[in-house]
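Hello,

Here is the structure we talked about. Please open it and keep it in view while you read my notes below.

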Amino acid sequence: MSDTLTGPVATAACRLCPPRGGVVVAAYSGDGPARPAGHRAREESATTGVPHHDHYDPVLDAFVVVRHHP
Ligand SMILES: [Zn+2]
């Protein structure tokens with residue numbers, strides 16, 4: 001995981017992303033399994049009360065955890 005990959009994101013290809021986009025709060029290497037990103041998304045949702053989801057970003061080649069704008 002690298003914090004350098006975090007930041008605003010707008011992924012039209014992802015149907016889970018909110019229309020106004022979201023913020024990448026974590027990223028996991030695309031070489032690894034998707035499970036950690038999914039787990040992190042659920043964890044962040046439970047901790048913050050703000051919806052999160054994870055998706056694969058082909059540009060970053062990483063599974064990213066996206067925080068929805070409230
Ligand atoms: Zn998404």
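**Strands, zinc and a salt bridge**

Strand 3 (residues 52-57) pairs with strand 4 in the antiparallel sense, over 6 bridges. Bear in mind that this is a predicted model.

Start with strand 4. In this pairing, H53 stands opposite V66 of strand 4. The hairpin of strand 3 and strand 4 has 4 residues between the strands, and D61 takes a positive phi there, near 50°. Strand 4 also pairs with strand 2 (residues 22-29), again antiparallel, over 7 bridges. There, G22 stands opposite H68. How many of the 7 residues of strand 4 (residues 62-68) are buried? The count is 6, so the rest of the structure largely encloses strand 4.

Now go back to H53, which is also a zinc donor. Along the chain, the donors follow the spacing C-x2-C-x35-H-x1-H. The site is tetrahedral, with angles of 104 to 115° among its 4 donor atoms. For four tetrahedral donors, the ideal angle is 109.5 degrees.

Last, the salt bridge. The structure holds 1. It joins the side chains of R40 and E44, at 2.7 Å from N to O. Where do R40 and E44 sit? They are 4 residues apart in helix 1 (residues 35-48), so about one helical turn separates them. R40 counts as buried, at 17% relative accessibility. E44 is buried too, with a relative accessible area of 18%.

Best wishes

Methods:
Residues numbered from 1 in each chain as written. Predicted model: local features only at pLDDT ≥ 70, side-chain atom pairs only at ≥ 80, totals over all residues. Heavy atoms only, no water. Salt bridge = Lys/Arg side-chain N within 4 Å of Asp/Glu carboxyl O. Helix = DSSP H or I, 4+ residues; strand = E, 2+ residues; numbered from the N terminus. Buried < 20%, exposed > 50% of the residue type's maximum accessible area, 1.4 Å probe, protein only. Donors = N, O, S within 2.8 Å, 3.2 Å for Na, K, Ca; no water. Tetrahedral: all angles 85-135°; square planar, octahedral: opposite > 155°, others 65-115°. Pairing = 2+ DSSP bridges.
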